[in-house]
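Please open the structure in your viewer and keep the selection panel at hand. The tour goes stop by stop, saying what to select and what is there.

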Amino acid sequence: MPDVAPLPERARLFHVGIPKSGTTSLQMAASAGREALYDHGVLYPGRKFNHRLAVLGFMGRRWGWTNEAVPSSDHWDNLMAEIERDHRRRVLFGHEFASEAKPEIAARFVESIGEKCHVIVTLRSPGEILPSAWQQYVKAGVPIKFDEWLEAVIADPPNRKVTKGFHDRNDQAGVVRRWADAAGADRVTVVVLDKKRPELLFGAFEQLLDLPSGILASQELGGFASNRGLTVPEVELFRAFNAVIRPHGVEWDDFERIIRSGALRRIMETRRSDEARPQLPPWAVKRAAELGGGYAEAIAATGVQVIGDLQKLAEEVPARDHDDPPPTEIPVDLAVEAMAGMISAATSRGALFLETDNTGDQSEKHKQMSRIKQEVNQFTARELMGFGFWFLGDRIRRALRRLKPGG
């Protein structure tokens with residue numbers, strides 16, 4: 001690990017991704033070690049494991065496939081208020097969705113964060129990112145097959161109608177240029193991941209934040225926390241499932257709660273297998289290396305600080321040696337774990353049948369809505385017909401008040 005000078009005291013280190021470059025592992029490690037970081041002079045603000053809602057709210061961006069409301073900008077305002085209250089510590093925060101920010105939004109981020117803003121971009125070779133990125137889309141409900149997706153996103157030119165956000169956040173040189181223009185090249189650091197040097201990611205953040213070596217790596221992370229890759233049978237199970245459910249108007253909230261936070265989480269936490277992992281075909285390996293070489297050259301020209309070797313972006317990954325059709329059968333244990341995770345999440349016990357559900361706001365929202373439904377089921381025909389919608393609305397408002405803290 002090369003020596004890297006720490007950022008100035010009270011610096012605000014804004015991590016903008018890109019996705020699949022160790023972002024989830026870093027967020028989980030910082031969240032798990034929040035108290036230890038605080039004791040060593042670093043604030044990881046908030047109470048959740050990342051700052052997704054704050055970043056989405058600032059960008060005015062939705063999450064999911066249905067017409068969900070954009071998260072409130074209050075999330076960002078509250079985050080910045082907590083940061084402003086700390087007058088002594090360096091700060092680590094951000095989310096990989098910020099890598100999609102257009103130039104004007106990137107400039108607004110920097111202005112909001114203030115003069116102590118320093119941006120960090122983590123990168124990984126396109127050849128390594130592509131299988132992982134496709135899996136993330138499958139985890140988010142997209143049913144497209146791997147090779148069809150590859151032909152769209154790395155064609156020359158690409159088909160930007162397929163998984164639209166991919167292009168904004170995976171043009172690695174474009175991401176670095178946008179943030180260098182917004183913050184100044186002297187306030188941007190790029191970290192290039194290297195599978196032969198796994199300590200580089202956490203080590204770079206520890207040095208920039210003047211933390212003890214190993215404090216992030218020492219946090220225990222499970223399969224879900226580290227966002228481990230899926231095997232071929234695992235990812236094909238969910239891809240085929242997506243193809244079945246998407247035409248039927250399934251709501252994103254339900255999908256996130258039952259599938260992402262239930263079935264997927266349980267599989268990633270509990271299942272270990274030596275099954276094959278998705279690999280690129282030879283043509284895609286060559287194309288990914290070409291893209292990585294172009295990114296490396298363009299990033300070097302920006303003048304930003306680079307930790308690691310930019311030429312790693314152009315490395316070729318092993319190609320698959322034959323094209324097997326997607327599996328038509330899956331292991332029994334995979335089906336069992338997926339169904340168990342769905343039942344556990346649907347009954348508000350997370351993915352692992354825990355009494356206290358720790359999967360987040362969606363599950364709590366589900367429990368609250370269940371209580372409201374119980375209230376509604378108590379209405380009599382006379383109430384519904386005689387008093388009409390006014391009475392119904394009043395009863396629902398009173399039910400909602402009782403669900404509020406102290407209500």
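How many cavities of 30 Å³ or more are there? The count comes to two cavities, where a cavity is a set of points, on a 1 Å grid over the protein atoms alone, at which a 1.4 Å probe fits but cannot get out; a volume is the space filled by probe spheres set on the points, which are joined across faces, edges and corners. This is a predicted model, in which local features need pLDDT of at least 70 and side-chain atom pairs count only at pLDDT 80 or more, while totals for chains, interfaces and linings use all residues. Residues are numbered from 1 along each chain as its sequence is written, and side-chain values use heavy atoms, with hydrogens and water left out.

**First stop: the cavities**

Select His 15, Leu 26, Gln 27, Tyr 44, His 51, Leu 92, Phe 93, Gly 94 and His 95, which line the largest cavity (lining residues have an atom within 4 Å of a point). The volume of the largest cavity is about 50 Å³, and strand E3 (90-94) gives the most to its lining, with three residues; helices (H or I, at least four residues) and strands (E, at least two) are DSSP runs, numbered from the N terminus. By class, this lining has four nonpolar, five polar and no charged residues, where Ala, Val, Leu, Ile, Met, Phe, Trp, Tyr, Cys and Pro count as nonpolar, Asp, Glu, Lys and Arg as charged, and the others, Gly among them, as polar.

Next, select Arg 10, Arg 12, Ile 83, Asp 86, Arg 89, Val 91 and Lys 116, the lining of the second largest cavity. That cavity has a volume of about 40 Å³, and its lining has two nonpolar, no polar and five charged residues.

**Second stop: a pair of helices**

Now select helix H3 (residues 52-59) and helix H4 (residues 74-85), whose axes come within 7 Å and cross at roughly 120 degrees; axes are lines fitted to C-alpha atoms, for helices over the stretch in contact, and angles run from 0 to 180 degrees between N-to-C directions. H3 and H4 are therefore oblique to each other, since angles under 35 degrees count as roughly parallel, over 145 as roughly antiparallel, 65 to 115 as roughly perpendicular and the rest as oblique. To see the contact (heavy atoms within 4.5 Å), show Leu 53, Ala 54, Val 55 and Phe 58 of H3 together with His 75, Trp 76 and Leu 79 of H4. Six of these contact residues are nonpolar, one is polar and none is charged.

Technical notes. On a 1 Å grid over the protein atoms alone, a cavity is a set of points where a 1.4 Å probe fits but cannot get out, and a pocket is an open set with protein on both sides within 12 Å along at least five of seven lines; lining residues have an atom within 4 Å of a point.
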